[in-house]
Amino acid sequence: MTNPLLISQGALPDFAAIRPEHIAPAMNQLIAEAKSALETVTAADFPAEWAAISRCLDVATERLGVAWGAVGHLNSVADTPELRQAYNEALAQITAFWTELGASEALFGKVDAIDTERLNAEQQRARELALRDFVLSGARLEGEAKARYAAIQERQAELSQLFGEHALDATDAFKWVIPAERAAGLPADVLEGSAAEAQAAGQTGHLLTLKMPCYLPVMQFADDRGVRETLYKAYVTRASDQAEGEGAAERDNGPIMEEILALREEEAQLLGFANYAELSLATKMAKDPAQVNALLEDLARRAKPHALQDVAALRAFAKAHLGLEDPQPWDWTYIGEKLKEARYAFSEQEVKMYFQAPKVLAGLFKLVEKLFNVYITQDEASVWHPSVSFYRIVRPLPDGQSETIGQFYLDPEARQGKRGGAWMNDVRGRWMRPDTADLQTPVAHMVCNFAKASTDKPALLTHDDVITLFHEFGHALHHMLTRVNEHDIAGISGVEWDAVELPSQFMENFCWDWGVLQDISAHIETGEPLPRALFDKMVAARHFQSGMQMMRQVEFSLFDMRLHQQTGASVMQTLQSVRDEVAVLPSPSYSRTPHTFSHIFAGGYAAGYYSYKWAEVLSADAFGAFEEKGLSTGDVVDAETGAKFMREILEVGSSRDAMDSFKAFRGREPNIDALLRHSGLVDADNSIEPA
Ligand code: ZN
């Protein structure tokens with residue numbers, strides 16, 4: 001019996017044949033092979049040569065990576081108790097191996113000793129990035145410094161875990177039952193859910209919690225001001241010294257944040273950086289903290305007048321229509337919802353009727369074919385569910401022939417056992433294989449969670465679904481259209497974290513283009529494309545309060561940057577000084593929002609939260625090149641600009657710095673004008689309206 005996870009070279013995983021019992025034997029064998037390869041290439045007598053190391057070690061680790069990728073994929077999209085158990089049993093062993101590989105001093109020494117004269121440009125770049133990552137993991141430290149570095153890592157992992165647990169436990173700890181008459185205004189599903197929860201707890205009324213599906217609709221819709229105030233206060237004091245209730249004192253994240261910040265600073269200094277922000281940016285597109293701060297401050301300066309107008313509109317509306325003379329922090333979301341309803345009422349349901357999944361997909365393919373001169377055709381492969389399809393991307397060649405550049409799986413529908421959300425993942429990367437000298441073409445997973453098609457009707461997508469599909473396809477194109485032959489720097493591999501969302505967010509822009517929308521929409525009954533009046537309302541709703549939203553994101557990002565640039569920074573003082581500069585709404589003195597800011601204290605976003613805005617600036621500015629072209633041609637779907645975008649950004653992977661790629665495409669460094677325009681944050685007289 002053959003094990004389908006022992007994938008032969010050049011083949012794709014036989015997804016339909018993989019069973020939980022295949023996992024342990026295959027992983028044991030592949031890890032053993034990879035370990036033995038690591039031992040071989042790090043032996044004293046093994047030559048310090050790129051090709052020799054790659055032929056032995058990379059071939060073994062890539063085979064392991066592809067097989068484990070297939071297991072992880074099934075765990076995400078076709079989970080069963082047996083599969084989950086087999087996955088979890090293998091996980092520790094796999095993680096341990098990758099950690100061992102990344103920390104191997106012997107391998108670091110071998111790669112460091114390679115004579116670069118004999119490497120091509122791609123190999124030199126791949127080697128440079130590999131060495132950089134070794135160094136940032138402490139490979140050059142010695143003696144006491146090395147031991148201290150390891151201790152810092154361990155303690156940071158503990159503290160992050162603790163921070164996350166406190167935030168979670170503090171959220172879960174709050175439960176408050178209100179009588180039915182105080183629940184007025186809440187949507188039917190929230191009323192139903194909270195009544196059921198109260199009943200389960202042996203009480204009558206509605207049980208409110210701080211979890212998002214309850215907290216958010218209460219802040220948006222609960223007519224009872226006191227209910228909103230109580231929930232708001234509980235929410236913004238979670239895991240802090242201001243929190244109330246049993247056990248609150250043990251969940252205070254204040255001391256944990258201080259220790260995390262001190263350790264990060266020490267880590268940065270051990271590695272030779274002035275502060276943690278500099279260390280964080282060493283692997284990112286932004287060159288230094290000053291550049292990030294300048295961008296954020298620029299955004300704040302330009303968005304602030306609009307944010308103040310947003311607030312003024314809320315105040316006026318609250319006074320005239322809601323009888324609220326002096327709105328408090330727990331009122332703004334509520335007022336915003338009421339104003340939005342009054343201004344832009346249209347239903348998601350109505351919009352959905354125009355987006356039939358097959359039509360949207362066909363329109364997306366047509367767009368991509370025109371932009372990048374490729375063809376997408378249906379292909380055959382072993383899949384894990386009958387609703388999954390497989391496609392091939394082909395490029396026509398001048399001699400009339402064509403070449404396959406990549407393939408992808410599309411798993412569009414939500415179902416039992418499938419993780420929520422949407423994502424792109426690689427099945428394998430483009431690679432000029434050192435073992436066979438064959439060119440391996442890239443293969444991608446596209447996973448979404450759209451509604452199911454029925455037997456006689458196609459699935460209908462919301463506009464958000466359409467945006468999600470385009471977003472993930474942007475990632476997939478980045479992965480598949482690459483022309484780089486070294487797999488560590490091909491496609492999305494090695495791309496700076498703050499640049500990796502450029503192609504995905506770039507593709508989203510087309511979902512707001514009138515011409516493209518005509519191509520991807522057709523009413524389920526009449527076949528008519530999306531009407532202009534409905535489109536105009538969608539655009540207006542998109543821009544609603546975008547000034548305030550921009551200021552909020554800038555506040556989080558600036559706070560994160562400043563916190564990681566100072567020595568012994570005080571969390572609350574830093575927040576206060578940032579708020580003094582950019583906040584347009586007052587915050588009560590008891591508010592402790594940093595205490596649950598898990599992105600930067602429990603996730604990987606420390607001195608990196610700005611990446612969201614950074615990538616938006618890049619993608620909007622890149623799309624601006626298409627809009628400028630569209631001004632003269634009347635069509636943003638421009639093949640010439642598309643070819644340039646493909647050549648300078650999509651094809652190059654991380655073979656050069658993302659900033660160099662951006663400049664090669666745009667002819668200059670990125671600027672914020674296009675993002676402000678797309679967000680509706682421009683004065684009427686200097687906006688350019690794309691056709
Ligand atoms: Zn993304």
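Is glutamate 501 buried, partly exposed or exposed? At 26% relative accessibility, glutamate 501 counts as partly exposed (buried is under 20% relative accessible area, exposed over 50%, partly exposed in between, with a 1.4 Å probe and protein chains only).

The model is predicted: local features need pLDDT of at least 70, side-chain atom pairs count only at pLDDT 80 or more, and totals for chains, interfaces and linings use all residues. Residues are numbered from 1 along each chain as its sequence is written, and side-chain values use heavy atoms, leaving out hydrogens and water.

Select the zinc ion next. Its protein donors are His471 (NE2), His475 (NE2), Glu501 (OE) and Glu501 (OE), lying 2.1 to 2.7 Å from it (donors are N, O and S atoms within 2.8 Å of the metal, or 3.2 Å for Na, K and Ca; water is not among the atoms, so sites may look incomplete). Along the chain the donors follow the spacing H-x3-H-x25-E. Histidine 475 lies in helix α16 (residues 463-480) and glutamate 501 in the loop between α16 and α17 (502-508), so this pair ties together parts 26 residues apart in sequence (helices are DSSP runs of H or I, at least four residues; strands are runs of E, at least two; both are numbered from the N terminus). Histidine 475 counts as buried, at 10% relative accessibility.

Now select the sheet. Five strands form an open sheet with mixed pairing, in the order β3-β4-β5-β9-β6 (two strands pair if DSSP finds at least two bridges between them). Its edge strands, β3 (375-379) and β6 (423-428), each pair on one side only.

Finish on β6 and β9 (residues 443-450), which run antiparallel and are joined by five bridges. Asparagine 425 stands opposite histidine 445 in β9.
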